[in-house]
Amino acid sequence: MRENRAARPNGQNMERIRSIGEWIVELLFPRRCPLCDEVIGFAQSCADCEPELRHLVRQTVYVERQTHEMTALDAVIAGLWYEDAVREAIKRLKFAERTDLIEPFAKRAAQTLRDADAVHPVDFDIIIPVPSSAKELRERGYDVPKLLAKRIAKETGRPMQCALDKIRETQRQRTLSGAQRRKNVKGAFALKPTVSVQGHSCLIVDDVFTTGATMNECAKMLVQAGAAHCIGLVIAVTR
């Protein structure tokens, strides 16, 4: 039987169909500015937030080691300061079921990663999200670091693997001092029994980097399990 090739959409037609689909989605569900949450529609950015965003963009994407817990991390990369509109937007993402903010934040984080690579080569072959506990997942209903890591994997073309489990509940880190935070997360994470990170270079993904205690503890577990080295990538960091 002769194949009807004319009926098959070629690559150009498929791209056109995809673009029309995206246009319809944006028409029915207009895009909002991730910072102020106002509808911006087809605009590339929010005119009201651009001046503030320039204030919140970090000039150096690598986080300073001397002010954070980074004994098991080779480096941590962050493009924004966790302040003002950025802080409020991340709170909406984490606590108001605004998972639509995953895409713009993940795209920005991926661009920050490329910016960092231009300054100093960033070596990683696997992306690992900071794990959430069972209680956190029940309360929130979704896993922010995992969603971010999955989208960043799509942006970078590197595989994501949920290699770690959070094996015990911890207090909310934001209420604790630096020393208390380190104690709070000590032994809270473990490598999944079916996973091997032997020889891998790991990119650990989370939303915010504060003292670094949580991500550093995750890196410790990966290094102890044979990972070659670990670097971190977050949306924002505290000053």
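This note goes through a predicted model of one protein chain, point by point.

1. Confidence. The mean pLDDT of the protein chain is 86, and 83% of its residues reach 70 or more. Residues 20–29 are a stretch where pLDDT stays under 50, and for these residues the model has five contacts beyond four places in sequence.

2. Overall make-up. The protein chain contains eight helices and six strands, and, read from the N terminus, its elements follow the order α-α-β-α-α-β-α-α-β-α-β-β-α-β. Of its 239 residues, 45% are buried. Among contacts with a separation of 6 or more, 72% are between residues 24 or more positions apart.

3. The sheet. Four strands make an open sheet, in which the order is β1-β6-β5-β2 and the pairing is parallel. The edges are taken by β1 (75–81) and β2 (126–129), and each of these has a single partner strand, so one side of each is left without a neighbour in the sheet. From one strand to the next, the twist averages 20°. As background, strands of a sheet pair through backbone hydrogen bonds, and the pairing can be parallel or antiparallel.

4. Strand β2 runs parallel to β5 and is joined to β5 by four bridges, with Ile127 standing opposite Leu203 in β5.

5. Helix α7. In this helix, which spans residues 178–185, the residues Arg181, Asn184 and Val185 are buried. When one looks down the axis of α7, its buried residues fall within an arc of 80°, so they line one face of the helix. The cover over these buried residues includes β4 (189–191) and α8 (213–224). Just after α7, the backbone at Gly187 takes a positive phi of about 75°.

6. Thr170 and its surroundings. Thr170 sits in the loop between β3 (164–166) and α7, and its side chain makes a polar contact of 2.9 Å with the side chain of Lys166. Once neighbours within four places in sequence are left aside, Thr170 is in contact with Asn184, Val185 and Ala188. Asn184 and Val185 are also among the buried residues of α7.

7. Ala190 in β4. Ala190 lies in strand β4, and at 22% relative accessibility Ala190 counts as partly exposed, because the limit for being buried is under 20%. Not counting residues up to four places away in sequence, Ala190 touches Ala163, Leu164, Asp165 and Ile167. Ala190 and Leu222 are 32 residues apart in sequence, while their C-alpha atoms are 8.4 Å apart in space.

8. Most residues other than glycine have a negative phi. Which part of the chain holds Asp84? Asp84 is in helix α3 (residues 84–95), and its phi is positive, near 50°, in a residue other than glycine. With 35% relative accessibility, Asp84 counts as partly exposed. Glu97, found in the loop between α3 and α4, likewise has a positive phi, of about 60°, although it is not a glycine. Glu97 is exposed, with a relative accessible area of 61%.

Technical notes. Residues numbered from 1 in each chain as written. Heavy atoms only, no water. Buried < 20%, exposed > 50% of the residue type's maximum accessible area, 1.4 Å probe, protein only. Helix = DSSP H or I, 4+ residues; strand = E, 2+ residues; numbered from the N terminus. Arc of directions from axis to C-beta. Contact = heavy atoms within 4.5 Å. Pairing = 2+ DSSP bridges. Axes fitted to C-alpha atoms, helices over the stretch in contact; angles between N-to-C directions. Polar contact = N/O pair within 3.5 Å; in protein donor to acceptor, adjacent residues only side chain to side chain. pLDDT = per-residue confidence, 0-100.
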